[in-house]
Amino acid sequence: MGQLSVTLGILLLCATGSRGGNICTTRGVNSCKQCLAVSPLCAWCSAEVWVQSTPRCDLRANLLHSGCGQDHIESPRSSVTILEDRPLSNKGSGGSTTTQMSPQRIQLNLRPDDSQVFHVQVRQVEDYPVDIYYLMDLSNSMKDDLRNIQNLGTKLASEMRKLTSNLRIGFGAFVDKPISPYMYISPPEAVENPCYEIGETCLPMFGYKHVLSLTDEVTRFNEEVRKQNVSRNRDAPEGGFDAIIQATVCDEKIGWRNDASHLLVFTTDAKTHIALDGRLAGIVQPNDAQCHINKDNFYSATTTLDYPSLGLMTEKLSQKNINLIFAVTDTVVGLYQNYSELIPGTTVGTLSRDSSNVLQLIVDSYGKIRSKVELEVRDLPEELSLAFNATCLNNEVIPGLKSCVGLKIGDTVSFSIEAKVRGCPQEQQKSFTIKPVGFKDSLMVLVNFDCECSCESHAEANSPSCSRGNGTLECGVCRCNPGRLGSHCECSEEEYNPSQQDNCTPRPGQPLCSQRGECICGQCVCHSSDFGKVTGKYCECDDFSCVRFKGQMCSGHGQCSCGDCLCDSDWTGDYCNCTTRTDTCMSSNGLVCSGHGSCVCGRCECTQPGSYGDTCEKCPTCPDACTIKKDCVECKKFERGKLVEQQSCSRVCRDEIETVQELSDRGKDAVNCTYKDENDCVMRFQYYEDSSGKSILYIIEEPGAPWMGSSFTEPAVLRVEAPACWQRRMMPS
């Protein structure tokens, strides 16, 4: 409530001028609709009897003080109304509908240039059903891989059932378009047996075939895989993107469930064709993203439709709530990493040459997917802008961020979202959707734009109050018929009286109508301009005389109003060229500017001596990982050290604790560390961290030490071994 009071105070301070005037009274508006568009603080008095020298457009308090009755004040207020709000679920396999996002429907009422803040919560529930469709490259180079996945179904089910009791798996395969120049057409035998020239037998080339719909009978997966054989194509890239789009849009064939996580595992050792590559074979018709699997389960449009674009794939994967996993060999992992940055919800894993590690790769990728929540926005009206703040771990609010990483199953994260409308759209009601990437859950936002005044519906045409029917009485003022002017339409444009010119200048000696209009019947009629609109009682305002940055007025991030830039919600500064978003400053460890600087106008300013890089991630002179994690070991395990004294342990150390009987080797990515504690005991630990930035402290279980629990994801591991001297100190004397 205190923050709201401060915000309203700032708005009132901005609206009030230094000489008692305010933005409402200085814009020279002459209608209720124009008044509402000036500022969210402005109100209009629609009373017919009103002192002419007193502005009808003013702050509500001023209008009341001037004698305007409450019933005659037009000042719609923006609001948020929750229409549907089912509580978040705790488990996903309970028979009832699972809810992972709340609320589900809200309504925003927004007046021009106003904003409202609403909140959403997202939870990764436990034991959520999982659908995994395994999409495999069956070109000749994947022959060894095919042999190694023949028992994948059983093994995958065994591992995944540690995470979910409701698993279904399916299988599909691809090679490339069976048309020249992608396939062998010479000698003739190569059409039926592409491996003819290398003295082997393989299947005729095909684009994509659906082999097994999603099923909980995991042995069927093994049986179907054993029946498969490889084929052979002519050029190096494969047609895998054709397969991805078909596996995505053919819901009924594949068997995707509504209440399940959808994983599409794409395995290959080669590059892939993309949109427009089809022209090499004379295929010019764009991919239509429709299902074209025939009765034999083959992709029937493989030789007539071009490969899909990344944009089309992203759109369809998002619509179907599918997380794509690129399991690719090290020779092409960089390429698919670039693809993943353009497709939200996608992870990339390095596949061994014979796919022997694909089981662990799938489990690890699922862990990464479930450790992240990222919001996406669909169908946002162009008049609206959204600004996000994320509250992830330890109730820490991260401005400008719409994602959280390093989560475990059951964690609940929240986002505050500010919606601001620019101007007044023609359609008075629109809607858009916010949803977590890969989730079926979503928030439907209905938006009502309150641009009209209720008094407009009571307008009286040809009113006697407007000089015997020369205008329409609307909201207390006369809207004159063509050719008539004056506050009561009492003047004709053809009439002229020099004394009336005194009404067309703010003070004696000033030019009439700011030299941008004509004074007719004591009223300024502003000239039209090729640059924009000239407005105001004295034609003193326009929407084109604001400062420019890089050739764009208000940097393209605001609106010009009477010489001032009114910035969009996520921009600030005199030029509106300074963004308030911080997502461009987020480093891979989930901290703004890696914790070594501050985010200013969307860029990191490194304040830690020796730090540099786009996100201040490089810092040769900064404390290394061993030094940083040593303090976390001290505070998290032994409850001592400087972080305990500073009461910053939970904020700095986001590691989880798990006690173990023994430490295992973590491989080449592990960092070995040694330090002496305050009692001169030598402490040795091992540190490992993956791309998600989450870490776990695995500590040797001591006699009497409590079991601290664990997380299934294992994204980052810190292993600590207590030395003998520490154990001796713990023994009773």
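Predicted model: local features only at pLDDT ≥ 70, side-chain atom pairs only at ≥ 80, totals over all residues.
Biologist: Okay, so how does Asp411 count, buried or exposed?
Modeller: Asp411 counts as buried, because its relative accessibility is 17% and the cut-off for buried is under 20%.

Biologist: And which residue forms a salt bridge with Asp411?
Modeller: That is Lys408, and the closest N and O atoms of the two are 3.2 Å apart. Lys408 itself is partly exposed, with a relative accessible area of 28%.

Biologist: What about Asp144, what does its side chain meet?
Modeller: The side chain of Asp144 meets that of Arg147 in a salt bridge, at 2.2 Å from N to O. The two are 3 residues apart in helix H4 (residues 143-148), so about one helical turn separates them, and Asp144 is partly exposed at 40% relative accessible area.

Biologist: Changing topic, how many helices and strands does the protein have?
Modeller: There are 16 helices and 41 strands in the protein, and buried residues make up 48% of its 733 residues.

Biologist: Which helix is largely enclosed by the rest of the structure?
Modeller: Helix H8 (residues 240-249) is, because 10 of its 10 residues are buried. Among them are Phe241, Asp242, Ile244 and Gln246.

Biologist: Now the open sheet of 6 strands, in what order do they run?
Modeller: The order is E10-E9-E8-E11-E12-E13, with mixed pairing. Strand E10 (208-215) and strand E13 (347-351) are the edge strands, each pairing on one side only, and the twist from one strand to the next averages 15°.

Biologist: How is E12 joined to E13?
Modeller: Strand E12 (residues 322-329) and E13 run parallel and are joined by 5 bridges, and Thr329 has Leu351 in E13 as its bridge partner.

Biologist: And which helix packs on the sheet there, touching E12 and E13?
Modeller: Helix H11 (residues 333-342) does, touching strand E11 (261-268) as well, and its direction makes about 165° with that of E12. Helix H7 (residues 218-227), in turn, lies across strand E8 (130-137), strand E9 (167-174) and E10, running at about 15° to E9.

Terms used:
Residues numbered from 1 in each chain as written. Heavy atoms only, no water. Helix = DSSP H or I, 4+ residues; strand = E, 2+ residues; numbered from the N terminus. Buried < 20%, exposed > 50% of the residue type's maximum accessible area, 1.4 Å probe, protein only. Pairing = 2+ DSSP bridges. Axes fitted to C-alpha atoms, helices over the stretch in contact; angles between N-to-C directions. Contact = heavy atoms within 4.5 Å. Salt bridge = Lys/Arg side-chain N within 4 Å of Asp/Glu carboxyl O.
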